[in-house]
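Then turn to the spaces between them.

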Amino acid sequence: MLLSLVLLAVVALGYLAQTTGLCMFKGVNEWRDGNKEYLMSILLSGVLVWVSTLFAYLVDIPLHFTMYQMNIWFLFGGFLFGLGAALNQGCGISTLGKLTRGDIKMLATILGWLAGWTILAYWSPDRGFVQIPIHKLSHYLLLGSISLLLIVWISFSNKRRKKLWFSMMGIGLLSGFIYLYQPRWSPNAILNQLSSALTENKLYNWPIFEQYLFFIALLTGMLFAAWRTNKFLFVPAKFQQWMVHFCAGTLMGIGASLALGGNSVQLLLAMPILSPGGFVAVAGILLGIWSGIHIQKTPYTDHIK
């Protein structure tokens with residue numbers, strides 16, 4: 001019963017991510033075009049994760065969330081991920097969103113993710129990550145205060161702003177409870193385990209069946225949203241495009257491996273628990289996206305923006 005409820009939450013998260021467009025690449029482009037609010041809503045999307053950690057504390061559920069000290073590898077990994085996202089014209093969740101809307105070349109990006117994680121499974125530098133305890137009081141006070149202020153501000157705003165912010169915050173709220181049930185539910189975690197299993201040839205490294213169910217549920221929510229909003233459009237791709245997106249995905253995979261997660265992990269888990277490493281990783285992602293856009297010097301295009 002509990003698993004069914006969590007799977008429904010994943011479907012809802014996929015639906016919201018598809019309809020809202022949880023994409024830092026798009027956020028940076030919107031910022032460059034003068035719309036700073038969209039990127040801010042993405043950066044604050046995890047502000048309600050504290051609700052799940054408080055729930056875990058009240059009902060005595062063990063927390064598997066981990067904070068890390070700042071480290072140059074978080075910045076470097078985030079930068080590589082952002083650079084790949086700019087080349088891909090989409091981050092992690094938005095790549096899956098585009099795929100479920102019919103953009104077939106996103107399959108090359110996903111294969112690139114796996115290649116990137118596998119490269120780091122073969123060769124992983126000594127990154128010297130240092131875990132630190134979660135500061136529960138400051139965590140609740142800070143994020144609780146921000147949440148309250150945002151809710152009051154949004155409540156007196158127009159319909160468009162309400163839809164944007166409540167959708168983003170809803171993604172964070174759902175994500176917190178999903179992580180509480182299955183800390184390794186995200187696509188990043190599945191790819192990490194797959195790469196380890198392929199390189200080490202150990203059965204216990206393979207993702208468990210439950211993780212595949214979560215991945216299917218996420219895609220189901222996205223597919224339903226694409227169908228309901230009439231945004232599904234099959235987009236064929238040339239061989240050159242497949243190669244570009246494979247390279248972009250490889251950069252994203254390497255970056256996510258170095259930074260212990262891509263943008264969704266950093267936004268919906270690391271930053272909401274106030275992990276210093278998460279903030280550094282997000283700064284690196286933003287810098288990488290900005291640099292990638294500048295290097296390409298091509299306008300932002302999305303056939304179903």
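Helix 1 and helix 11 cross in a right-handed manner (the near helix is turned clockwise from the far one by less than a right angle; anticlockwise is left-handed). This is a predicted model, in which local features need pLDDT of at least 70, side-chain atom pairs count only at pLDDT 80 or more, and totals for chains, interfaces and linings use all residues. Residues are numbered from 1 along each chain as its sequence is written, and side-chain values use heavy atoms, with hydrogens and water left out.

Helices are DSSP runs of H or I with at least four residues, numbered from the N terminus. Two packed helices are described by the angle between their axes and the distance between the axes. Axes are lines fitted to C-alpha atoms over the stretch in contact, and angles run from 0 to 180 degrees between N-to-C directions.

Helix 1 spans residues 2-20 and packs on helix 11 at about 40°, with the axes 7 Å apart. Helix 1 is therefore oblique to helix 11 (angles under 35 degrees count as roughly parallel, over 145 as roughly antiparallel, 65 to 115 as roughly perpendicular and the rest as oblique). On the helix 1 side, the contact (heavy atoms within 4.5 Å) includes Leu3, Val6, Val10 and Tyr15. Among their partners in helix 11 are Leu213, Phe214, Met222 and Arg228. By class, this contact has 16 nonpolar, four polar and two charged residues (Ala, Val, Leu, Ile, Met, Phe, Trp, Tyr, Cys and Pro count as nonpolar, Asp, Glu, Lys and Arg as charged, and the others, Gly among them, as polar).

Helix 6 also packs on helix 11, at about 55° and with the axes 9 Å apart. That makes helix 6 oblique to helix 11. Their crossing is right-handed. Eight of the contact residues are nonpolar, two are polar and none is charged.

Helix 10 (residues 187-200) meets helix 11 (residues 209-228) too. Their axes come within 10 Å and cross at roughly 135°. The two helices are therefore oblique to each other. Here the crossing is left-handed. Pro187, Ile190, Gln193 and Leu194 of helix 10 face Gln211, Tyr212, Phe215 and Leu218 of helix 11. Six of these residues are nonpolar, two polar and none charged.

Now for the open space. On a 1 Å grid over the protein atoms alone, a pocket is an open set of points with protein on both sides within 12 Å along at least five of seven lines, a cavity is a set where a 1.4 Å probe fits but cannot get out, and lining residues have an atom within 4 Å of a point. Grid points are joined across faces, edges and corners, and a volume is the space filled by probe spheres set on the points.

The largest pocket holds about 680 Å³. Its 31 lining residues include Arg184, Asn192, Leu260, Gly261 and Val265, the closest to its centre. Helix 10 gives the largest share of this lining, five residues. The lining has 15 nonpolar, 14 polar and two charged residues.

There are two cavities of 30 Å³ or more. The largest cavity has a volume of about 110 Å³. Gly92, Trp113, Pro187, Asn188 and Ser264 are the closest to its centre among 13 lining residues. Helix 12 (239-258) is one of the elements that give two or more residues to this lining. Helix 12 gives the most, with three.
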